[in-house]
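I opened this notebook to record what I looked up in a structure that was new to me. The entries follow the order in which I consulted it.

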Amino acid sequence: MAQVIPSGQKWWSGGKSPYNVEYGKLMMWFFLMSDAFTFGAFLISYGHIRFSSNAWPNPNEVFKAFPLMGEMNLPLVFVSLMTFILIMSSVTMVLAVASGHNGDQKAVTKWMILTIIGGLAFLSCQAWEWTHLHGEHAWWGRNPFLNADGTQSSTNFTNFFFTITGFHGFHVFSGVIINIIMLIKNLRGDFARRGHYLMIEKAGLYWHFVDLVWVFVFTCFYLL
Amino acid sequence: MENVNSGGGHQTPSFDTKPIWRTFWVLLGITLVELTLATIHLKTEFPPKYVLNGIYLILTLAKAFYIIAEFMHLRHELKNLIMSLAFPAMLFIWFLIAFLWDGNSFRNLRNDYDRYHVEQSKTKVQKPAEGKEEPAAKRPGTAE
């Protein structure tokens, strides 16, 4: 709670900025709010279909592979790695924002590069997982996995999995593009000339949102 | 608060990195707890799945709180902004309850009135041999 506010402050009677954030940052917050509802609609429709099904595949059976480990049964290991990568890149992003606050252009460059590497690592992991599942004949419209109780499963499972992780992956991809643009602008000295690094903060908000969505995707598809 | 219009977020010249790392460890710790619980459940079938699901949801919300509050820095913004975002987000409570309730009701209705569906969902099938036949999802009666 960094800001001290006098009691009886009349925020909405004019003369003050009731949110005290820059316009672009406020709009980023409201965009993320709307994006949260898009993802919420996806995940809740997934939950709706799952609640209306008598049985569902066991995620520990489906997601048990790890690169170069062949047929070894390693449930949860790969997705833990992906989660770790994304949390880590979120940390480097906040550190970039913090360096921006301190006006340290070199440190911003360093942390932005690390964040981009983290994003690319996550995308590579997802590419591997999709390729692996596709190799097992899982795709939109086909589902080779049986339900946990050994009964025939519908294609709902794969449809939701590929749609939602795909939509999230697309967000990660655009986040990486945004971060690369921010890195280039920082290297050109645009922010240093402007005197503030608010653009880095806005890109950071988007990047953390991607991490936030992954937390829910992780729980909904791999744990529940 | 006199300089509110000179560009937001510039009241604090230095940015403390200590809470960032603390948040990182919290997030990592919660994820590890989730994974440990999942692994224990895989090996021993304990705790029961529905208890575990409740724990997962609480832990997920905790993680979401830490990401929004610390990484996205919302905890340090004005209460006006926090409330403008938190109130619409409360729609999710209705959203979740309404649609999961609805899904459950669909299942019950179908099990009550669609005998074929019930029979289908009780018939165990063999896993198709690798790559030999078209995956069995194309059977009649399964949702496309």
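The entries below go from the chains to their interface, then to salt bridges and a surface patch.

**Conventions.** I note that this is a predicted model, in which local features need pLDDT of at least 70, side-chain atom pairs count only at pLDDT 80 or more, and totals for chains, interfaces and linings use all residues. Residues are numbered from 1 along each chain as its sequence is written, chains are lettered from A and ligands numbered from 1 in the order in which they are written, and side-chain values use heavy atoms, with hydrogens and water left out.

**Chain A.** I looked up the secondary structure, where helices (H or I, at least four residues) and strands (E, at least two) are DSSP runs numbered from the N terminus. Chain A has seven helices and zero strands. Its C-alpha atoms fill a box of roughly 65 × 40 × 25 Å along the principal axes. Of its 224 residues, 58% are buried; buried means under 20% relative accessible area, exposed over 50%, and partly exposed in between, with a 1.4 Å probe and protein chains only.

**Chain B.** I found five helices and zero strands in chain B. Buried residues account for 33% of its 144 residues. The domain assignment, which is automatic or from a database, gives domain 1 (17-78) and domain 2 (90-120). I recorded 29 Å between the C-alpha centres of these two domains of chain B.

**Interface.** How many residues of chain A are in contact with chain B? I counted contact as heavy atoms within 4.5 Å, and 72 residues of chain A are in contact with 74 residues of chain B. The two chains bury about 7000 Å² between them, 70% of it on carbon and sulfur atoms; buried area is the accessible area (1.4 Å probe) that two parts lose on being put together, summed over both. In chain A, W29(A), I44(A) and Q152(A) lose the most area to chain B, together 10% of what that side buries.

**Salt bridges.** Side chains of opposite charge can pair when their charged atoms come close. I applied the rule of a side-chain nitrogen of Lys or Arg within 4 Å of a carboxyl oxygen of Asp or Glu, and the count over all chains is nine. One salt bridge is found across the interface of chain A and chain B. K25(A) and E77(B) form a salt bridge at 3.7 Å, N to O.

R22(B) forms a salt bridge with E70(B), with the closest N and O atoms 4.0 Å apart. This pair links distant parts of the chain, R22(B) in helix α1 (residues 18-44) and E70(B) in helix α2 (residues 49-71), 48 residues apart. E70(B) also forms a salt bridge with R75(B), at 3.0 Å between the closest N and O atoms.

In chain A, a network of salt bridges links K185(A), R188(A), D190(A) and R193(A). I noted D190(A) and R188(A) at 3.3 Å, N to O. Is D190(A) buried or exposed? D190(A) counts as buried because its relative accessibility is 10%, whereas R188(A), at 57%, counts as exposed.

**Surface patch.** I found a nonpolar patch of M83(B), F87(B), M90(B), I93(B), L96(B), I97(B) and W101(B), with about 770 Å² of accessible area together. The elements giving two or more residues to this patch are α3 (79-89) and α4 (91-113) of chain B. Helix α4(B) gives the most, with four residues. W101(B) lies in helix α4 of chain B and counts as exposed because its relative accessibility is 66%. Patches take residues with over 30% relative accessible area and no salt bridge, joining like charges within 9 Å and nonpolar side chains (Val, Leu, Ile, Met, Phe, Trp, Tyr) within 5 Å. Accessible areas come from the Shrake-Rupley method with a 1.4 Å probe, and for residues only the protein chains shown count as cover.
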